[in-house]
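Work through the exercises below with the model open. Each task is followed by its solution.

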Amino acid sequence: MQYSSKSDVVCAMLRELIISGELVPEEPLRQRDLAERFGVSQTPVREALRRLESEGLIVNDPHRGASVAGSRRGAVEDNAEIRAALESLAARLAVRSIEDAQIALLRELNDEIAELPEGDPRYAELNRQFHFTIYEFADSPVLMSMMRLLWQAMPTGPKVKRTQAKSVRQHARLIDALAARDGDKAAALTIKHILGSEHLPSEMARP
């Protein structure tokens with residue numbers, strides 16, 4: 001991913017720290033401390049905080065300053081729940097117009113993932129390509145924009161407990177559902193894929 005300014009870099013790093021849960025809800029975000037942490041002046045930090053406030057990830061109190069926005073579930077859980085909802089919608093939308101050539105492309109991507117040894121660093125990018133290919137086939141610019149925002153906080157991909165081999169098997173079942181033009185099944189498999197094996201509290205994970 002290319003960044004055009006220091007504020008872009010700071011914004012991306014802060015977004016990742018917040019959504020990954022490293023920065024906890026209500027944690028103070030002091031411009032001077034952040035500037036020292038990222039090795040920049042306070043100006044790009046100030047600009048990044050304004051952007052993240054507009055995204056709802058931080059709140060700015062006139063007296064206490066900026067802090068991480070609170071959530072009943074936590075940023076990691078929020079991200080996964082929202083992605084599950086939007087990705088299942090993407091799968092439903094893709095079923096309406098996906099073509100055989102596009103099904104074949106998904107199978108090729110999944111075959112590439114299957115050939116990787118466990119823990120191969122190339123997995124993250126191929127997995128991202130697989131998911132974004134489905135978003136593309138959904139043919140919804142608004143949904144695509146929202147998914148890009150969610151994935152910006154996961155530069156190395158979602159943190160999951162499953163093996164790469166299990167991901168490949170789940171991808172294959174999802175592709176089969178898309179090929180069968182079964183929107184309900186594709187949506188259900190997508191939700192299970194995301195919420196069934198990511199690092200989530202047990203009460204949120206799907207069986």
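Contact means heavy atoms within 4.5 Å. The model is predicted, so local features need pLDDT of at least 70 and side-chain atom pairs pLDDT 80 or more, while totals for chains, interfaces and linings use all residues. Residues are numbered from 1 along each chain as its sequence is written, and side-chain values use heavy atoms, leaving out hydrogens and water.

**Exercise 1.** Find which residues of α3 are buried and what covers them.

Solution. Helix α3 spans residues 42-55; helices (H or I, at least four residues) and strands (E, at least two) are DSSP runs, numbered from the N terminus. After α3 comes G56, with a positive phi near 90°.

**Exercise 2.** Determine how the axes of α1 and α2 cross.

Solution. The two axes, lines fitted to C-alpha atoms over the stretch in contact, come within 12 Å and cross at roughly 105°, an angle from 0 to 180 degrees between N-to-C directions. α1 and α2 are therefore roughly perpendicular (65 to 115 degrees). On the α1 side, V10, M13, L14 and L17 meet L34, R37 and F38 of α2.

**Exercise 3.** List contacts of L106 beyond its neighbours within four places in sequence.

Solution. L106 touches I98, F130, T133, I134, F137, I175 and L178.

Note on methods:
The expected span of a helix is 1.5 Å times one less than its number of residues. Buried means under 20% relative accessible area, exposed over 50%, partly exposed in between (1.4 Å probe, protein chains only). Angles under 35 degrees count as roughly parallel, over 145 as roughly antiparallel, 65 to 115 as roughly perpendicular and the rest as oblique.
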